[in-house]
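Below is a walk through one part of a predicted model.

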Amino acid sequence: MATTHSEYNEQTTATEVASAFADRIRGRNVVITGVGPNSLGEALALAIGSQQPAKLFLASRTKSKVQQVADKVKQLSPGTSVEAVVLNLASQKSVHAAASKIQSEVDRVDILINNAGMMVLDKETTEEGIEIQFGTNHIGHFLFTNLLMGQLKNAAKSSEEGSTRIVNVTSAGHRLSPLRFHDYNFEGKEVPVDERPPDGLPPMFSPSAGGYNGWLAYGQSKTANILFTVYLTQHLASAGIVSYSVHPGSIWTGLSRGLDDSGNQIMSKTSNFWKTGDQGAATMLVAAFDPALKAVSDPSAVYLSDCQLAKTAPHAVNVEAAEKLHHLSEELVGMKFPL
């Protein structure tokens, strides 16, 4: 399988992609998480909002910040219907409330872009006591997505097959750690070899005496994003829904606000090409709207980088691990979601 535009690359912009797939955006209900000023979420909102979606739901933790972006979309695209939704992914109560708000407004969601993410070096937990990067980047999105599944399935019933999409934003950082099923909270428990970080990582990626390492925890959460995508693709293909996971590239965004000076120095050395927000959002739009990506036959072919399909670390596309993660996630949210 290949994308429609093989010429798209790291320099392609979301504005350009949205224009190319304007007919796929027009009239659609789109939900985007992680939307604030000067963020990837803002770049997504502006690009999609410019092409006449039916309704654009912008979700984020801080009402005033997401409202700023909603107002900007309305100013630049006056005909677009935009709604700001408060969504704190580190609170399952907030996730339920945000999903209920969207459910009360629309009976279909055509595109869900799980864009929100966080990175911290010191250990924190969600309201439910889950390590905060795993709890926010994956568990919060897992719950939000499944609560909106009725709306997604409704959209798929009356749309061209494969045009209803769930996009999970991940990172090349997934290569730092598999899913640590035996110690997902980084409590210093012994984990089997296949759940340990790959050999040869620098010392800064070693767990502390208490068992925590923020980089590894981030890597685990980003692996979870891809495994979630694998599971969704396998179980929703028959319903006409496809899912892709996207590495947006290297962009200086609010994601790094939880890093100290040494953390930012490490980040600065991870790429030779730093994208603008508009360039960073481009791959998400390819994943969400490119008609060539309407089906996934191989569970390992769910990952995009620089607007093209790319290879992941093997641990991120393991079908058995994806199944296991689904059941663990159900336990952590206290709900069953048979797909």
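**Helix pair and sheet**

Helices α3 and α4 are roughly parallel to each other, because their angle of about 25° falls under the 35 degrees that sets the limit for that description. Helix α3 covers residues 40-49, and helix α4 covers residues 63-76. The axes of the two helices are 10 Å apart where they pack, and the crossing is right-handed.

The contact draws on residues from both helices. From α3 come Glu42, Ala45, Leu46 and Gly49; these meet Val69, Lys72, Val73 and Leu76 of α4. By class, the residues of this contact comprise 5 nonpolar, 1 polar and 2 charged.

Helix α4 lies across strands β2 and β3, and its direction makes an angle of about 170° with β3.

The sheet itself is open and has 8 strands, in the order β3-β2-β1-β4-β5-β6-β7-β8. Its pairing is mixed. In general, strands of a sheet pair through backbone hydrogen bonds, and the pairing can be parallel or antiparallel.

Which strands stand at the edges of the sheet? They are β3, residues 82-86, and β8, residues 308-309. Each has a single partner strand, so one side of each is left without a neighbour in the sheet.

Further in, strand β1 (residues 29-33) runs parallel to strand β2 (residues 55-60), and 5 bridges join the two. Within this pair, threonine 33 stands opposite alanine 59 of β2.

Definitions and conventions: Residues numbered from 1 in each chain as written. Predicted model: local features only at pLDDT ≥ 70, side-chain atom pairs only at ≥ 80, totals over all residues. Heavy atoms only, no water. Pairing = 2+ DSSP bridges. Helix = DSSP H or I, 4+ residues; strand = E, 2+ residues; numbered from the N terminus. Contact = heavy atoms within 4.5 Å. Axes fitted to C-alpha atoms, helices over the stretch in contact; angles between N-to-C directions. Parallel < 35°, antiparallel > 145°, perpendicular 65-115°, else oblique. Left-handed = near helix turned anticlockwise from the far one by under 90°. Nonpolar A, V, L, I, M, F, W, Y, C, P; charged D, E, K, R; others polar.
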